[in-house]
Amino acid sequence: GAGPFTLFAPTDAAFSRLPAGLLDELLAPAASDRLAAILRHHVVKGIVPAAEVATFSTITPLQGPPLVVSTSRSGIAVGGADIITTDLDASNGVIHVVDRVLLP
């Protein structure tokens, strides 16, 4: 969509840590609605820079339950995933890279 949005984007390594078979299951055509819901669980409406994320106790994604925001060994965690790279500009918002896939 046009945005603006904030995306908590998992690394490739985060996808490799999913339970065995889950990624293949999600990529099957029959699971397209479930996959879309998981993807929307990584997106927040509006531009939320990392410094602002850190001020929240929770943040609400486009779909699924609120994500708990906490401090972590790397600084900020959202939904239990450490934010490892922050504030990457995108044409329709901002991206924060996380070390886990956020499952609703």
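**Close-up views of a predicted model**

View 1. With a relative accessible area of 2%, His-41 is buried (buried: under 20% relative accessible area; exposed: over 50%; partly exposed: in between; 1.4 Å probe, protein chains only). This is a predicted model, in which local features need pLDDT of at least 70 and side-chain atom pairs count only at pLDDT 80 or more, while totals for chains, interfaces and linings use all residues. Residues are numbered from 1 along each chain as its sequence is written, and side-chain values use heavy atoms, with hydrogens and water left out. His-41 sits in the loop between helix H3 (32–40) and strand S2 (43–45) (helices: DSSP runs of H or I, at least four residues; strands: DSSP runs of E, at least two; both numbered from the N terminus). Apart from neighbours within four places in sequence, His-41 has contacts with Pro-61, Gln-63, Gly-64, Pro-65, Leu-67, Leu-102, Leu-103 and Pro-104 (contact: heavy atoms within 4.5 Å).

**View 2. Leu-26 in helix H2.** Helix H2 (residues 22–27) contains Leu-26. Leu-26 counts as buried because its relative accessibility is 3%. When neighbours within four places in sequence are set aside, the contacts of Leu-26 are Ala-31, Arg-34, Leu-35 and Ile-38. His-42 is 16 residues from Leu-26 along the chain, and their C-alpha atoms are 15 Å apart.

**View 3. The largest nonpolar core.** This core has 14 residues, and Phe-8, Val-53, Ile-59, Val-78 and Ile-83 have the most contacts inside it (nonpolar core: a set of buried Ala, Val, Leu, Ile, Met, Phe, Trp, Tyr and Cys residues joined through side-chain atoms within 4.5 Å). At least two of its residues come from each of helix H4 (50–53), strand S4 (67–72), strand S5 (75–78) and strand S6 (81–90). Not counting residues up to four places away in sequence, Val-53 touches Phe-8, Val-48, Ile-59, Val-69, Ile-76, Ile-83 and His-96. Ala-14, Leu-18, Leu-22 and Val-101 are among the six residues of a second, separate core.

View 4. Strand S3 (residues 58–59) is joined to S4 by two bridges, and the two strands run antiparallel (strands pair if DSSP finds at least two bridges between them). Opposite Thr-58 stands Val-68 in S4. Four bridges link S4 and S5, also in the antiparallel sense, and a hairpin of two residues connects S4 to S5. In this pair, Ser-72 lies opposite Gly-75 in S5.
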